[in-house]
Structure formats: C-alpha cells, structure tokens
Amino acid sequence: MIDYDLVYRTFIGIAEDTVGPNLSTTGSRPSVIRARQTGTKTRTGPKPDYPYITVDILATRRPAGWLLNHEMIDENTHRYENVKELLLNYTVFGGDSRAIAEDLEFFFSTDNILDRIREETTGQVRTTEDITEIPQLLSTSYNESSSFNLTFAIMDVKDVTSTDITEMNYSGEIYRSDDDTNPLPSSGTTN
C-alpha cells in the first residue's frame with residue numbers, strides 16, 4: 001500500500017532543503033505546505049507569506065496494466081504487486097516564482113535528490129514537465145506564480161489474508177460420456 005503521507009513528507013522536505021532559502025518562513029521552516037490542507041493528518045493554518053510553495057498529488061495512475069505479480073507468501077496470504085504513477089504538482093506563489101520553480105525542477109535531475117527519493121520512498125522520479133507561469137489577479141495587481149508537475153513511480157504492494165476452508169459440500173451428477181442418459185448421482189463432504 002502506498003504511504004501518501006511519506007511521499008508528501010519526502011517531496012516537501014526536498015523543496016525545503018533545495019530552495020528553502022528563497023522562501024518565506026513559517027516558524028523556523030521554509031514555507032512549503034501541502035495543497036488543500038484539510039485532512040485529519042494535516043492542519044489548516046494561515047496562508048504563509050510570499051514566496052511559498054504548495055505540493056499536491058493530483059492523480060494516481062496504473063501505467064503497467066492491472067497486475068505485475070501475484071504470489072502466496074504463506075498459507076493464507078496473497079501478495080499483489082503493481083507499479084503506480086503519482087502525478088505531483090509544485091506551485092510557487094509570489095516572489096520570483098519562475099526562478100524558484102526552475103531551481104527546484106533542476107534538482108530532480110541530480111543524483112543526490114534522486115537517490116534520496118529512492119531511499120526514503122523506494123520510488124523514483126520518471127519525468128518532470130515544463131514550468132508554467134500562472135499569474136493570479138489580486139485586487140489591483142498580479143501575483144506571480146509558477147507551477148510544474150512530475151511523475152513519480154512506486155511499487156504498490158497489497159497483502160490480502162484469506163481464511164481457511166474447513167468444509168466443502170458438493171452434489172451433482174457424473175456423466176460417463178456426452179450421450180450418457182443415465183448419469184450417476186454424486187454428493188459428499190470434504191473436511
């Protein structure tokens with residue numbers, strides 16, 4: 001099962017560590033937050049001062065089809081494995097948003113960041129997309145914002161435990177051939 005909170009923590013931490021000095025601070029940390037902070041594990045807080053970054057998981061896709069591997073890991077447990085792709089979005093609000101987004105996007109081509117992602121999440125970045133400028137109209141002026149997406153692949157593993165079959169009842173008829181008009185009755189119980 002994918003640990004989405006771990007994915008958020010990793011990608012927020014990368015933004016804090018790479019472009020954090022270019023951002024405002026919230027407390028003692030660079031202002032990098034989850035978009036739509038409304039879950040039980042995230043608290044809504046005041047909007048940070050500019051510039052700040054939001055991180056969002058926009059979609060989870062299954063690029064490899066339905067199932068890559070299925071195995072029995074013990075008598076009662078089936079393990080199902082598939083690769084999932086997460087579409088992540090970084091949006092930089094305020095300041096020189098384009099330059100901050102370009103710096104952040106650049107770090108996803110460096111070995112130390114790619115290794116960090118593999119170590120912390122067991123996944124890997126597949127692609128980063130072009131940076132898009134999305135200025136937002138305030139009451140009398142524009143606030144510069146820039147955004148880019150990246151595709152992150154990770155193995156999704158689910159273990160499904162089944163119960164033991166303790167008894168099976170069956171009944172029916174046994175035909176000796178396709179033209180048999182007098183089948184033999186059959187029934188029984190297996191423990």
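Predicted model: local features only at pLDDT ≥ 70, side-chain atom pairs only at ≥ 80, totals over all residues.
Modeller: Local features need pLDDT of at least 70, side-chain atom pairs count only at pLDDT 80 or more, and totals for chains, interfaces and linings use all residues. Residues are numbered from 1 along each chain as its sequence is written, and side-chain values use heavy atoms, with hydrogens and water left out.

Biologist: How many aromatic pairs does the structure hold?

Modeller: There are 8. Rings of Phe, Tyr and Trp (its six-membered ring) pair if their centres lie within 6.5 Å; planes under 30 degrees apart count as stacked, over 60 as edge-to-face and the rest as tilted.

Biologist: Why is the pair of F11 and F108 called stacked?

Modeller: The ring centres are 6.0 Å apart and the planes meet at 25°, so the pair is stacked. F11 lies in helix α1 (residues 4-19) and F108 in the loop between α2 (97-107) and α3 (111-121), 97 residues apart. Helices (H or I, at least four residues) and strands (E, at least two) are DSSP runs, numbered from the N terminus.

Biologist: What makes F108 buried?

Modeller: Buried means under 20% relative accessible area, with a 1.4 Å probe and protein chains only; exposed is over 50%, partly exposed in between. F108 has 5% relative accessibility, so F108 counts as buried. F11, at 0%, is buried too.

Biologist: What makes Y52 and F93 a stacked pair?

Modeller: Their centres are 5.0 Å apart, with 25° between the planes. Y52 is in strand β4 (residues 52-61) and F93 in strand β6 (residues 77-93).

Biologist: Which residues form one aromatic cluster with F11?

Modeller: Y90, F108, F148 and F152.
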